[in-house]
Amino acid sequence: MIDKTSSAIITPLSTLKFSETLTLWQKVHGRNDLPWQQEITPYRVLVSELMLQQTQVTTVIPYFERWLQHFPTVVALAEASEDEVMTQWQGLGYYSRARNLHKAAKFVVNELNGQLPDNAEQLREVPGVGPYTAGAISAFAFNKPAAIVDGNVKRLFSRYFGIEGDISSAKVNKTIWSYAERYTPTVNNRRYAQALLDLGATVCTPRSPDCQQCPIRTSCNAYATGRVDILPEKKAKKKIPTRRGYFVLDLTTDGVILTQRSGDGIWPRLWCLPQILEPLETASIHGSFKHIFSHYKLDATVIIESAEQFGQRIPLEQLDNYGLPTPIRKYLNTLRV
DNA sequence: TAGGCGTGGAA
DNA sequence: TTTCCAAGCCT
């Protein structure tokens, strides 16, 4: 006897059929020419995964290529200076990732005999490697069974299984991980993991998903119930505040005064114009710029003032050897013309 | 546990 | 112009 209430609800594919369908789809429609998918090594996967945290593929590609030129091996990275590391990372954002990657390289060389572990549990001990990245390295670098849950998987699974509730909540997160683990195949994990990300990034997109191209739409809960545009559920975002900032410009023919910021707050360990709380009444304004961070807007004023005591003078021609925040670099570049 | 932490591309 | 948000992690 068929239960009328449940017969209206779509039935998910079996775990085996699910992974097989996605894997076959990926082979034809997925991304298989990304730089970190060639000459696969644990180090290359580690670098790519740290760079890809909250950052789009097209943004990462040039940084990844340059990084591998400068730091070809995990040993080379472990032996590099912090300034070299920050210089190579400058412009990519979320700079704690750069320090974590540097720490990770030292950790691998000094504590792990130069070898990344192949399982998620041990990978979690590596600096900068969280639950997603641990699974990703296990699957991508070693082709081992490992669950991965990132923004793509959350969106894909919340729609496919019809999971309601705030997608950022701990409860829903736990539910998604549970599905992710249950549906992880025992073979072809590299391609299966790539399939999840590719499907989420190119078909099951946040806005205007292309359901007609989806290989699992006939068993998708959201598609069957007309909730593709409703799931995943997100709570309203708070408006970000605006903060005012004052930066000191002390420029002579010998160069500009820069100071290395602390490890706390925004732009940790990057070189920057000295920042002050309040300018003197007599200070003259050189210019201004605005910048938008993830959590606040910066309305910056650049003051002309002596700043010898705040930092060191650096010739403009040598700026490329220092890691500078993007808006500061852009501002200084306007002076060099 | 919720907020801090960048930047740029796309609609 | 505004808004969203992207292969998250750390504290």
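How much area do domain 1 and domain 2 bury between them, and what share of it lies on carbon and sulfur atoms? In this predicted model, local features need pLDDT of at least 70 and side-chain atom pairs count only at pLDDT 80 or more, while totals for chains, interfaces and linings use all residues. Residues are numbered from 1 along each chain as its sequence is written, chains are lettered from A and ligands numbered from 1 in the order in which they are written, and side-chain values use heavy atoms, with hydrogens and water left out.

The domain assignment of chain A gives domain 1 (8-224) and domain 2 (242-336), with bounds that come from an automatic or database assignment. Their C-alpha centres lie 35 Å apart. Nine residues from domain 1 and 16 residues from domain 2 make the contact, defined as heavy atoms within 4.5 Å.

To return to the opening question, the two domains bury about 930 Å² between them, 46% of it on carbon and sulfur atoms. Buried area here is the accessible area (1.4 Å probe) that two parts lose on being put together, summed over both. On the domain 1 side, Q90, Y95 and R99 supply 47% of the area buried against domain 2, more than any other three residues.

The interface also holds one salt bridge, a side-chain nitrogen of Lys or Arg within 4 Å of a carboxyl oxygen of Asp or Glu. E82 pairs with R269 in a salt bridge whose closest N and O atoms are 3.4 Å apart.
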